[in-house]
Amino acid sequence: MKTKVYIIEDIQKDDKAIEEAAALIRQGQLVAFPTETVYGLGANALDGQAVNRIFEAKGRPNDNPLIVHVSKKEDIEPLVLEVPARVYTLIDTFWPGPLTIILKKAQIVPDETTAGLSTVALRMPNHPIALALIDKAGVPIAAPSANRSGKPSPTTAQHVIEDLSNIIPMILDGIVPCQVGIESTVLDMSGEVPTILRPGGITLEMLRPILEDVRVDETVLKPLTKGQSPKSPGMKYTHYAPKAKVIIYRGTNLDAMAAEINRRAEEYVSKGKKVGILATDETMDKYKKGHLISLGSRKAPASIASSLFNSLRGFDHIGVDVILAEWVEEKDEGLAVMNRMIRAAGFHVINVSS
Ligand code: TXA
Ligand code: MG
């Protein structure tokens, strides 16, 4: 299958391309499209067969449910059993935006979309191309990130081409890289206590004034213990992994952390290995060996989030064997950054004492 890539500069001017993409969705086919978080791989969320094509194209285990995207807030109503009052407050505050809300599902949402769960994940993305596509398709769109399963999520059309070229019929290229750069916050509102299952662009600190009882699921920064089943099935798989092995160095003293990374980099280089160092603006000048990428300033965790996946893929392009990465503080968007980084590292974290 030859993949068509359409560059969308303007949703009015490029109306025909979006119309063609919407027609594919209605026919049960797949289209990759930009959102404000990452690129999504979309199919008609109400068509189980169409949704199965997503799992095939990504190589995704089919017990991992998908997020259903809508273009209007009221479009969630037919998809769920009920909308609790405070969910209306949440969507009035944060939609369109990087907040996915889990509610009890209505029968019209097929099991393929929710992997057999009795709940459904819902989100209204804040991106003109995504909204126009959903609107024109006239159906809610189920869309995971448009990467091959296990790889870092795509923040540019080029990343989608790397992973899914000739596997899917169409990619809409939004030109500008996805602004948030990390997937949406997944918030479970289907039970008594609101629970963040996956941290993202809408942070705990932002949710707290509206949901004072919100909590963060314990698996966000920790591996599952044996026999424990995750509330968000996606969190149990290897994720976001570049080809290189990733090791995280955690410490509060930046000098000590950098010294330890330098020591390890030296060791790898002496063994003939290519080393990548994932640093921050504050620590860039502390390193001597290896390929250096800064994620941005520690004072701006949102910008660190937006460059994380592109940096991991960047190291793949350089062809490093190992990536030594600095821990960043897990507050604000830093929690989402560490949730992704720790999975890219397969939970391999080295504590550096100061
Ligand atoms: O920003 C995003 O959320 C992107 C863009 C395309 O919207 N999508 C995305 O989808 O990241 P995906 O499939 O890569 O991640 C969806 C996550 C998975 O961890 C999945 O397990 C969880 O949401 N999830 C989906 N439905 C769920 C449900 N009913 N209960 C618990 N977790 C659910
Ligand atoms: Mg994903």
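Q: What do the buried residues of α8 pack against?
A: They pack against β12 (245-250), β13 (275-279), β15 (322-326) and β16 (349-351). Packing here goes by contact, meaning heavy atoms within 4.5 Å. The helices and strands are DSSP runs numbered from the N terminus (helices H or I, at least four residues; strands E, at least two).

Q: What kind of model is this, and how are things numbered and counted?
A: This is a predicted model, where local features need pLDDT of at least 70 and side-chain atom pairs count only at pLDDT 80 or more, while totals for chains, interfaces and linings use all residues. Residues are numbered from 1 along each chain as its sequence is written, chains are lettered from A and ligands numbered from 1 in the order in which they are written, and side-chain values use heavy atoms, leaving out hydrogens and water.

Q: How do you know that α8 has the span expected of a helix?
A: The expected span is 1.5 Å times one less than the number of residues. Helix α8 (residues 254-270) has 17 residues, and its first and last C-alpha atoms are 24 Å apart, close to the expected 24 Å. At its start, a side-chain oxygen of N253 comes within 2.9 Å of the backbone nitrogen of D255, and after the helix comes G272, with a positive phi near 80°.

Q: What about α9: why does its span agree with expectation?
A: Helix α9 (residues 301-318) has 18 residues, which should span 26 Å at 1.5 Å a residue, and the end C-alpha atoms are 25 Å apart, so the two agree.

Q: What makes L308 a bend in α9, and by how much?
A: A bend at a residue is the angle between axes fitted to the seven residues ending there and the seven starting there. At L308 that angle is about 40°. L308 is also one of the buried residues of α9, and the cover over those buried residues includes α6, β13, β14 (291-294), β15 and α10 (334-344).

Q: Why is T35 called buried?
A: Buried means under 20% relative accessible area, exposed means over 50%, and partly exposed is in between (1.4 Å probe, protein chains only). T35 is at 2% relative accessibility, so it counts as buried. T35 sits in the loop between β2 (31-33) and β3 (40-44), and beyond four places in sequence it is in contact with G40, R123, P125, H127, A130 and C178.

Q: What makes the link between T35 and T37 a polar contact?
A: A polar contact is a pair of N or O atoms within 3.5 Å; within protein, one must be able to donate a hydrogen and the other to accept it, and residues adjacent in sequence count only if both atoms are side-chain atoms. The T35 and T37 side chains make one at 2.8 Å. The T35 side chain also gets to the backbone oxygen of V38, at 2.7 Å.

Q: Why is K151 called partly exposed?
A: K151 has 24% relative accessibility, so it falls in the partly exposed class. This lysine is in the loop between β7 (141-142) and α6 (157-164). Its side chain makes a polar contact with the side chain of D163 at 3.5 Å. Not counting residues up to four places away, K151 touches D163, Y240, A241 and R313.

Q: And why is I25 in the buried class?
A: The relative accessible area of I25 is 0%, so buried it is. I25 belongs to helix α1 (residues 15-26). Its contacts beyond four places in sequence include V31, G42, L133 and I141.

Q: What makes R250 count as a charge over a ring?
A: The rule asks for NZ of Lys or CZ of Arg within 6 Å of the ring centre and within 35 degrees of the ring normal. R250 lies over the face of W327 at 4.1 Å from the ring centre. K271 also qualifies, over the face of Y268 at 5.5 Å.

Q: What makes the phi of N166 worth a look?
A: Phi of N166 is positive, near 65°, and N166 is not a glycine. I175 likewise has a positive phi of about 65° without being a glycine.

Q: Which peptide bond is called cis, and what is its omega?
A: The bond from W95 to P96, with omega near -5°. P96 lies in the loop between α3 (85-94) and β5 (99-104).
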